[in-house]
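This report describes one protein chain for a reader who is new to structures. Keep the sequence and the 3D view at hand while reading.

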Amino acid sequence: MDSEREQILATLQQIVDPVCDTLIGDSEVVLHDLAALPNSIIAIAGNLTGRKVGGRATEQLLELHAAGRLTTRSAYRSVLPDGRRIRSSTMLISDSSGDDVAALCINVDVSAWNELHAMSALVLGEAEYAAPTATSQSDASPVTKEAGELTDIDQLAELILAEVIDHADAPVALMQKQHKVAVVAELKARGFFGLREAAERAAQALQVSRFSVYNYLRELEEGQGDTASGPVS
């Protein structure tokens with residue numbers, strides 16, 4: 001088993017740098033040898049937390065491992081001591097006997113994206129959805145860009161859409177109508193439908209027609225939307 005364990009660790013060490021190079025923004029990939037805890041870092045790429053090979057695992061990882069509760073977790077959020085917000089995934093790797101060998105941790109600084117979202121809220125906060133008339137060719141009222149406002153509204157639209165769908169209760173391929181209505185409700189609350197081509201963007205992302213998106217909006221306005229339980233967060 002020692003040879004299998006060594007092979008697993010050697011293989012994982014080879015992917016640390018390529019994975020980190022693939023990530024966008026300030027990020028970090030850390031590989032822990034769980035047999036070497038607490039100073040368990042055997043490979044690291046990126047400088048998000050300033051740790052080095054031979055460095056110590058986080059207190060959270062140590063506590064979870066000691067309690068037998070260390071598991072694979074995806075896309076969870078946390079805050080660094082300096083206030084930066086990060087999004088992380090921890091993958092627990094086991095050998096053929098089911099014994100835990102390593103933890104591969106990916107950390108990405110999302111502070112800049114949070115700031116961009118806050119700025120977009122200022123731009124879009126007063127936007128209102130305008131239902132198209134029979135002769136209208138546009139899907140939504142355009143946003144007028146004043147000096148000092150964000151210049152790439154299209155990019156903002158894609159960012160908001162991706163974030164809302166990412167936090168939905170089901171992946172798009174498995175969504176029922178109530179999930180899609182809930183996504184549209186959250187987009188509407190964020191002023192998304194005040195942007196140009198908003199309905200087309202939402203329809204493409206949700207794999208429905210543009211007119212289905214309009215129907216969802218009308219149902220929400222009439223208080224008849226069939227929404228999923230709980231908010232889209």
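## A bend in the first helix

Helix α1 bends by about 30 degrees at V16, and a proline, P18, follows within four residues. The bend at a residue is the angle between axes fitted to the seven residues ending there and the seven starting there. Helices (H or I, at least four residues) and strands (E, at least two) are DSSP runs, numbered from the N terminus.

This is a predicted model, in which local features need pLDDT of at least 70 and side-chain atom pairs count only at pLDDT 80 or more, while totals for chains, interfaces and linings use all residues. Residues are numbered from 1 along each chain as its sequence is written, and side-chain values use heavy atoms, with hydrogens and water left out.

## How α1 spans and packs

Helix α1 covers residues 2-22, which makes 21 residues. From its first C-alpha to its last, α1 reaches 31 Å, close to the 30 Å expected at 1.5 Å a residue. The expected span of a helix is 1.5 Å times one less than its number of residues.

Which residues of α1 are buried? They are I8, L9, L12, V16 and C20. Buried means under 20% relative accessible area, exposed means over 50%, and partly exposed is in between (1.4 Å probe, protein chains only). I15 and A43 are 28 residues apart in sequence, and their C-alpha atoms are 9.7 Å apart in space.

## The chain as a whole

The protein chain has 7 helices and 5 strands. From the N terminus on, the elements run α-β-β-α-β-β-β-α-α-α-α-α. Of the 233 residues in the chain, 38% are buried.

Contact means heavy atoms within 4.5 Å. Among the contacts in the chain with a separation of 6 or more, 54% are between residues 24 or more positions apart. The chain exposes about 12,900 Å², and carbon and sulfur atoms supply 50% of it. Accessible areas come from the Shrake-Rupley method with a 1.4 Å probe; for residues, only the protein chains shown count as cover.

The loop between β1 and β2 holds P38 and S40. The peptide bond from L37 to P38 is cis, with omega near 10 degrees. Is S40 buried or exposed? S40 is buried, because its relative accessible area is 0%. Leaving aside its neighbours within four places in sequence, S40 is in contact with L31, H32, D33, G55 and A57.

In the loop between β2 and α2 lies G50. At 41% relative accessibility, G50 is partly exposed. G50 and E28 are 22 residues apart along the chain, and 9.5 Å separates their C-alpha atoms.

## The largest pocket

About 490 Å³ of space lies in the largest pocket. Of the 23 residues that line this pocket, the closest to its centre are R51, T58, Q60, I86 and N107. The elements that give two or more residues to the lining are α2 (59-66), β3 (73-79), β4 and β5. Strand β3 gives the most, with 4 residues.

A pocket is found on a 1 Å grid over the protein atoms alone, as an open set of points where a 1.4 Å probe fits, with protein on both sides within 12 Å along at least five of seven lines; lining residues have an atom within 4 Å of a point. Grid points are joined across faces, edges and corners, and a volume is the space filled by probe spheres set on the points.

A75 lies in strand β3. Its phi is positive, about 55 degrees, although A75 is not a glycine. A75 is partly exposed, at 35% relative accessibility. Q207, in the loop between α6 (198-206) and α7 (210-221), also has a positive phi, near 60 degrees, in a residue other than glycine. Q207 is exposed, with a relative accessible area of 59%.

Helix α5 (residues 177-189) has 13 residues, so at 1.5 Å a residue it should span 18 Å; its end C-alpha atoms are 18 Å apart, which agrees. The buried residues of α5 are H179, K180, V181, A182, V183, V184 and L187. After α5 comes G191, whose phi is positive, near 80 degrees.
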